[in-house]
Amino acid sequence: MDKVLLTRWFWWILLLPFVFAGARVVQVIWYDPSALGPDPAQALVDLFGTTALWFLCAVLFVTPARAVIGVRWLTRQRRALGVACFGYALLHWLSYAGLLLEWQWQNLGQDLLNRPYIIVGFLAGLMLLLLAGTSNNTSVRLLGRRWRILHRLVYPAALLVLVHMFWVARSDYTEVILYSVVVLLLLLYRWRYSAKST
Ligand code: HEM
């Protein structure tokens with residue numbers, strides 16, 4: 001398939017979780033209030049958070065995919081995957097601020113005391129913002145060698161996301177442990193691979 005066409009298709013695929021969430025919201029508002037479960041606001045926050053995590057895993061999967069399985073086309077989509085990860089993290093934050101906090105910033109202090117994991121998530125979100133904001137060609141050119149150093153922020157960002165998730169899970173840790181194993185293996189591979197190639 002033509003490279004430009006593939007890239008365009010890829011962007012549409014990245015939008016699928018957003019379309020899915022939008023369809024569910026329409027369903028909740030117009031004809032099925034239970035379409036997102038008993039707490040639609042919470043469900044939406046969780047859905048966007050989990051999608052951001054999936055895209056983070058996908059970004060980390062690009063290097064082993066190329067080196068181990070020989071899937072090269074994914075390398076060209078790394079930037080799109082990174083932007084999608086940040087985009088869904090932003091939607092996660094927006095749905096928290098809009099639906100759970102209801103834009104009542106005077107309640108933020110109390111909420112942070114009740115759910116300190118939000119601070120950890122926020123720090124991870126800031127790192128993702130820096131990564132997404134410098135993922136364009138101009139930044140790569142302007143930052144030179146420093147660009148690679150800056151993009152090592154993906155390691156602390158991913159670790160903070162894991163801490164955020166462990167803190168959120170109150171009783172059943174099975175899912176978080178599974179995600180952690182996947183993320184840690186991918187981080188380890190990427191770290192060893194970049195150590196070898198420098
Ligand atoms: C930007 C600031 C962030 C805020 C304010 C925030 C807030 C929250 C909140 C309120 C929850 C729900 C807790 C609950 O279920 O009671 C949550 C869960 C979660 N967040 Fe975040 N978060 C942030 C950043 C991130 C980032 C950057 C990621 C991933 C890239 C992420 C991934 C998740 C995941 C995977 C969950 C668990 C979802 C589930 O239980 O199914 N969060 N976050």
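Residues 24 or more positions apart account for 66% of the contacts in the protein with a separation of 6 or more, where two residues are in contact if their C-beta atoms, placed from the backbone, lie within 7 Å. The structure is a predicted model, in which local features need pLDDT of at least 70 and side-chain atom pairs count only at pLDDT 80 or more, while totals for chains, interfaces and linings use all residues. Residues are numbered from 1 along each chain as its sequence is written.

The mean pLDDT of the protein (the predictor's confidence in each residue, from 0 to 100) is 93, and 96% of the residues reach 70 or more. Confidence is highest in α6, at a mean of 98, and lowest in helix α3 (residues 73-76), at 86.

The protein contains 10 helices and 0 strands, both defined as DSSP runs numbered from the N terminus, with at least four residues of H or I for a helix and at least two of E for a strand. The order of elements from the N terminus is accordingly α-α-α-α-α-α-α-α-α-α. Along the principal axes, the C-alpha atoms fill a box of roughly 50 × 40 × 35 Å.

Of the 198 residues, 23% count as buried. A residue is buried if 20 or more other C-beta atoms lie within 10 Å of its own, exposed if 12 or fewer, and partly exposed in between, with C-beta atoms placed from the backbone. In soluble globular proteins, nonpolar side chains tend to be buried together. The largest nonpolar core has 32 residues, of which Phe55, Leu56 and Cys85 touch the most other members. Such a core is a set of buried Ala, Val, Leu, Ile, Met, Phe, Trp, Tyr and Cys residues joined through C-beta atoms within 7 Å. Two or more residues of this core come from each of α2 (40-69), α4 (78-100), α6 (117-133) and α9 (154-168), and α2 gives the most, with 12 residues. Leaving aside residues up to four places away in sequence, Phe55 touches Leu81, Ala84, Cys85 and Tyr88.

The ligand is surrounded by 23 residues, the closest being Asp46, Gly49, Ala52, Gly121 and Gly125; a residue is near a molecule or strand if its C-beta atom, placed from the backbone, lies within 6 Å of it. Two or more residues of this shell come from each of α2, α4, α6 and α9, with the largest share, 8 residues, supplied by α2. The shell comprises 15 nonpolar, 7 polar and 1 charged residues, where Ala, Val, Leu, Ile, Met, Phe, Trp, Tyr, Cys and Pro count as nonpolar, Asp, Glu, Lys and Arg as charged, and the others, Gly among them, as polar.

Gly125 is 26 Å from Ala195 in space, C-alpha to C-alpha, and 70 residues from Ala195 in sequence. Ala195 is located in helix α10 (residues 174-196) and is exposed, because 8 other C-beta atoms lie within 10 Å.

The loop between α4 and α5 (108-114) holds Glu102 and Trp103. Phi is positive, near 50°, in Glu102, a residue other than glycine, and near 60°, also positive, in Trp103. Glu102 is exposed, with 10 other C-beta atoms within 10 Å; Trp103 counts as exposed because 8 C-beta neighbours lie inside 10 Å.
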